[in-house]
Amino acid sequence: MQRDRADWLGRTIEDPIDPDRPIIDPHHHLWRRTDWPYTVDQLHDDTGAGHNIVKTVFVECMAEYRNSGPEELRPVGETEFVVAQAAETRRRGGAQIAGIVSFADLTLGDAVEEVLHAHEVAGAGLFRGIRHAAGWHESPAIKNSHSNPTAGLLAERAFRAGFAKLGAMGHRFDAWLYHPQLPGLLDLARAHPEVPIILDHIGAPMGIGPYRGRRADVLDEWRSPMTALAACENVALKVGGIGMNRYYGGGWPDLDAPPTSEMLEAYWGDELAWCIDTFGPDRCMFESNFPVDQESCSYVVLWNTFKRVAARYTADEQQRLFHDTAAEVYAL
């Protein structure tokens with residue numbers, strides 16, 4: 001399976017655009033899946049493929065949980081795993097894993113403090129926050145998030161108590177949910193302006209299931225809550241996730257060869273620029289979401305796409321988008 005994917009990705013080769021520009025990649029995963037391994041070996045290959053990736057942030061993906069002990073503490077195993085992977089990136093040189101976003105069940109309420117403290121200890125200075133994925137949809141064609149959320153997770157009293165505890169302990173919340181749920185995130189952001197929120201993958205304008213073939217309508221539905229979220233100063237935005245055919249459609253994996261960066265920019269460029277214009281470069285950061293976005297293109301092609309989009313902005317704004325916003329938001 002991995003060999004087939006590598007063969008397909010290799011059919012579209014590009015030289016990196018502006019290869020010396022320092023980049024922080026604020027969103028990637030690591031796992032030891034036998035069918036699709038992505039550990040420091042693959043990360044090192046991707047971040048060293050031509051773009052100047054200097055630091056990265058790992059985001060939770062249920063990797064290497066502890067297989068014993070209290071259930072609520074088992075996700076700490078993922079932090080322990082990534083700390084070891086981060087040490088390997090320092091040994092090898094090149095891009096360094098500089099931050100970790102882990103998982104803790106925020107529906108534990110105030111009791112989540114024990115889990116967060118365990119992540120802090122295990123994280124050896126790298127722990128930066130929590131992602132409690134909330135993606136839920138009534139359609140059987142749309143898979144709910146791996147955290148098995150309820151429909152109204154973000155509004156639950158216990159969740160909000162845990163969310164408040166997260167903020168009180170000085171940590172951040174990464175939000176992953178689907179575009180119809182953005183009003184719920186807006187309510188959460190307004191209720192807790194003291195908690196930094198990073199919205200992943202441009203707020204997930206869906207393109208599958210009941211949204212297939214309705215892209216213009218979806219984007220219209222998506223823009224209104226996104227505009228309202230941009231008015232919340234505690235919300236930052238990750239500009240990426242555009243290779244997730246499994247959620248956004250696009251049909252890229254069906255092509256004989258992966259799309260070029262010109263093709264991806266033509267399809268997504270206006271929407272990504274709208275996000276940047278709406279939230280501002282000071283609250284936007286480009287992200288790879290690798291290896292998930294590898295469904296549609298290589299690491300080099302993806303960052304070339306972002307650089308094509310960024311050509312619309314000033315040199316200072318590009319510095320924010322590729323490096324400084326991520327450095328500030330995650331205190332790297």
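**View 1. The cavity of the predicted model.** The structure holds one cavity of 30 Å³ or more. A cavity here is a set of points, on a 1 Å grid over the protein atoms alone, where a 1.4 Å probe fits but cannot get out. The model is predicted: local features need pLDDT of at least 70 and side-chain atom pairs 80 or more, while totals for chains, interfaces and linings use all residues. Residues are numbered from 1 along each chain as its sequence is written, and side-chain values use heavy atoms, without hydrogens and water.

**View 2. The cavity lining.** Lining residues have an atom within 4 Å of a point. They are Val 40, Leu 43, His 44, Thr 47, Thr 89, Arg 92 and Ala 95. Helix H2 (40-47) gives the largest share, four residues. Helix H3 (76-92) supplies at least two. Helices are DSSP runs (H or I, at least four residues), numbered from the N terminus.

**View 3. The largest pocket.** About 540 Å³ of space lies here. Of its 24 lining residues, Trp 31, His 146, Arg 246, Tyr 247 and Val 292 are closest to the centre. A pocket is an open set with protein on both sides within 12 Å along at least five of seven lines.

**View 4. Leu 229 in the largest nonpolar core.** Such a core joins buried (under 20% relative accessible area, 1.4 Å probe, protein chains only) Ala, Val, Leu, Ile, Met, Phe, Trp, Tyr and Cys residues through side-chain atoms within 4.5 Å. Of 92 members, Leu 185, Leu 199, Leu 229 and Phe 286 touch the most others. Contacts of Leu 229 (heavy atoms within 4.5 Å) include Val 235, Phe 279 and Arg 283, not counting residues up to four places away in sequence.

How values were computed
Buried < 20%, exposed > 50% of the residue type's maximum accessible area, 1.4 Å probe, protein only. Points joined across faces, edges and corners; volume = space filled by probe spheres on them.
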